[in-house]
Amino acid sequence: MSDDFYRREPGPLSQGDVVLAPFARLMAADADPPRGMELDPDGLRLDGGDLPDARVIVKLSACMVVSHDCQLDKEFNREVTRLHRDGMPVRDARDAAEGDRTLDRWVVVAPILGPDEIAADLAAVARGDVVGLFHLPHHDALGGEGVVDLAVKATVDRLICRRAAGLTAAAADLMRSALMRTDLARRPIGLAEVERALGTKLVDITVDQKSPVRATLHFANGEALAIARPPHAGTPGGTARTERSAP
Amino acid sequence: MIFWPTFAFAGMAAPTRTPAERETVAPVLDACERLYRTEAFIDFSACVRPHLRRGWTFTSVLAAVRDEAPDVLVALHLEIKGCERDLRERGLGIESRLGRVIHVAGDVVVISGKDEIRRRLTPVNVRHLDLRPDMWVVRERVSLRGHSGELLLPAVAPTALPDLPVSAADDDLPAAAGGEDAAMAEPSQRVLAVRPANALASNLVRAFATENVAKDWTSMWGRGEGRVYADAREAMSGTVPDDEVALTHRRAGSETW
């Protein structure tokens with residue numbers, strides 16, 4: 001088990017924590033199940049009304065928390081502030097908010113697959129070369145390596161999850177980068193290309209708090225470059241689905 | 001359904017130092033005496049007594065009596081309602097609202113009610129209650145000739161006694177069955193077995209079962225100091241007066257908070 005990757009102290013629930021949770025998917029009731037997924041005969045069938053009927057598939061799954069840390073404590077922070085403004089000392093306000101299990105209940109998680117459940121090469125996933133997948137080294141509780149499928153997510157109630165592990169700050173940064181590549185920008189910023197073009201090393205990047213797509217690159221020669229990087233929308237060309245893909 | 005009569009609590013809590021105060025409380029004490037002589041109360045006492053063993057709680061006794069003799073609870077409820085009607089005519093005001101405990105923190109109890117999602121209370125008897133999240137409670141506001149106070153009393157779920165008649169005094173209580181609150185009280189009967197998705201999930205299940213994952217890790221709630229604002233943390237250590245704390249909604253050292 002890697003100490004560089006998994007942290008030793010539990011601390012508060014954080015982005016990147018490994019939990020056990022029921023993971024649900026909704027699928028068309030009358031269609032064949034997705035490839036590689038057996039159909040649970042006991043699955044719940046939902047009356048879709050004007051929409052096609054749906055079926056719920058739920059599996060107990062090892063998952064990774066992908067909600068951002070500030071989202072995990074948003075209502076808690078608001079409640080502490082409210083109670084304190086109402087005159088309660090901060091320590092008591094924190095205790096009261098800590099004890100309120102109605103706060104910050106929704107957690108977004110992504111399922112962790114076994115190495116034999118992915119189509120991609122595990123070594124490539126471990127190098128970070130496969131967009132949408134994030135490699136987890138061996139962890140004793142998991143009993144082996146895992147791969148987080150960042151392209152599939154579900155919202156679960158915190159009350160029905162149990163936590164088993166968490167990432168170090170450095171590993172969590174790697175996961176955030178993989179998550180950003182999956183959801184926002186498929187191509188990482190070509191920092192090496194920028195450095196080569198400008199003939200100087202990049203020493204820092206600061207992000208505009210009000211507008212996260214605006215960032216400033218700081219270079220070793222003292223120059224600073226403000227950039228605005230819109231999320232990548234995909235490359236035109238190649239094979240594409242037709243309008244039939246949205247029935 | 002009220003476990004203990006509210007007016008009896010009110011009788012015990014009201015001051016009786018002066019003749020005027022004693023005169024005020026007298027009707028309540030009369031009602032208690034009458035109630036304790038009724039057949040319903042004697043039957044109820046007989047049901048309760050075997051359960052008052054060492055370590056008993058309101059919850060445990062309530063659950064036992066509800067399971068063993070629901071008709072006794074109904075009979076007692078009707079007697080209590082009769083006494084309350086008499087007392088109301090003599091100036092005792094009781095407002096009852098059914099709710100469910102969300103959480104308890106010291107003297108503060110947060111409950112959800114029929115028409116309110118969250119309400120913070122500081123009931124006078126909270127120290128004597130074993131309140132836990134999801135318990136049903138009756139919130140009682142008692143007023144008697146200028147005196148008033150709020151009590152919180154353990155109750156059974158409204159669906160637990162479907163034959164209980166709803167009296168005029170129970171207008172605030174939800175319907176016995178089939179209503180929104182009934183749905184809250186009764187878990188769905190449709191249960192879907194959830195199986196592990198893969199070997200990793202099975203290993204995690206096994207790790208939790210054999211306690212190979214430390215309990216500190218399994219908590220999904222502890223926020224720890226890392227999530228307390230820097231200013232607030234200083235205040236807690238006594239370096240900054242509490243009143244001067246500025247809550248910044250930002251974790252120390254984090255630019256993305």
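In which helix of chain B is Thr218(B) found? Thr218(B) is found in helix 8 of chain B, which covers residues 215-218; helices here are DSSP runs of H or I with at least four residues, strands are runs of E with at least two, and both are numbered from the N terminus.

The views show a predicted model, in which local features need pLDDT of at least 70 and side-chain atom pairs count only at pLDDT 80 or more, while totals for chains, interfaces and linings use all residues. Residues are numbered from 1 along each chain as its sequence is written, chains are lettered from A and ligands numbered from 1 in the order in which they are written, and side-chain values use heavy atoms, with hydrogens and water left out.

View 1. Thr218(B) counts as buried because its relative accessibility is 16%, where buried means under 20% relative accessible area, exposed means over 50%, and partly exposed lies in between (1.4 Å probe, protein chains only). The side chain of Thr218(B) reaches the backbone oxygen of Lys215(B) at 2.8 Å. When neighbours within four places in sequence are left aside, Thr218(B) is in contact (heavy atoms within 4.5 Å) with Arg162(A), Arg163(A), Phe208(B) and Val213(B).

**View 2. The loop of chain B that holds Glu211(B).** Glu211(B) lies between helix 7, residues 199-209, and helix 8 of chain B. Its phi is near 55 degrees, a positive value in a residue other than glycine. Glu211(B) counts as exposed because its relative accessibility is 58%.

**View 3. The crossing of helix 2 and helix 5 of chain B.** The axes of helix 2 (residues 19-37) and helix 5 (residues 70-89) of chain B come within 10 Å and cross at roughly 155 degrees; these axes are lines fitted to C-alpha atoms, for helices over the stretch in contact, and angles run from 0 to 180 degrees between N-to-C directions. Helix 2 of chain B and helix 5 of chain B are therefore roughly antiparallel to each other, given that angles over 145 degrees count as roughly antiparallel, under 35 as roughly parallel, 65 to 115 as roughly perpendicular and the rest as oblique. From helix 2 of chain B, the residues that make the contact are Pro27(B), Val28(B), Ala31(B), Arg34(B) and Leu35(B), and from helix 5 of chain B they are Leu76(B), Glu79(B), Ile80(B), Cys83(B), Asp86(B) and Leu87(B).

View 4. Ala69(B) and Val48(B) are 21 residues apart in sequence, and their C-alpha atoms are 10.0 Å apart in space.

**View 5. Asp104(A) in a loop of chain A.** Asp104(A) lies between helix 3 (90-99) and strand 4 (106-113) of chain A, and at 4% relative accessibility Asp104(A) counts as buried. The phi of Asp104(A) is near 50 degrees, a positive value in a residue other than glycine.

**The chains around these views.** Chain A has six helices and eleven strands, and 43% of its 247 residues count as buried. Chain B has nine helices and six strands, and buried residues make up 44% of its 257 residues.

Technical notes
Polar contact = N/O pair within 3.5 Å; in protein donor to acceptor, adjacent residues only side chain to side chain.
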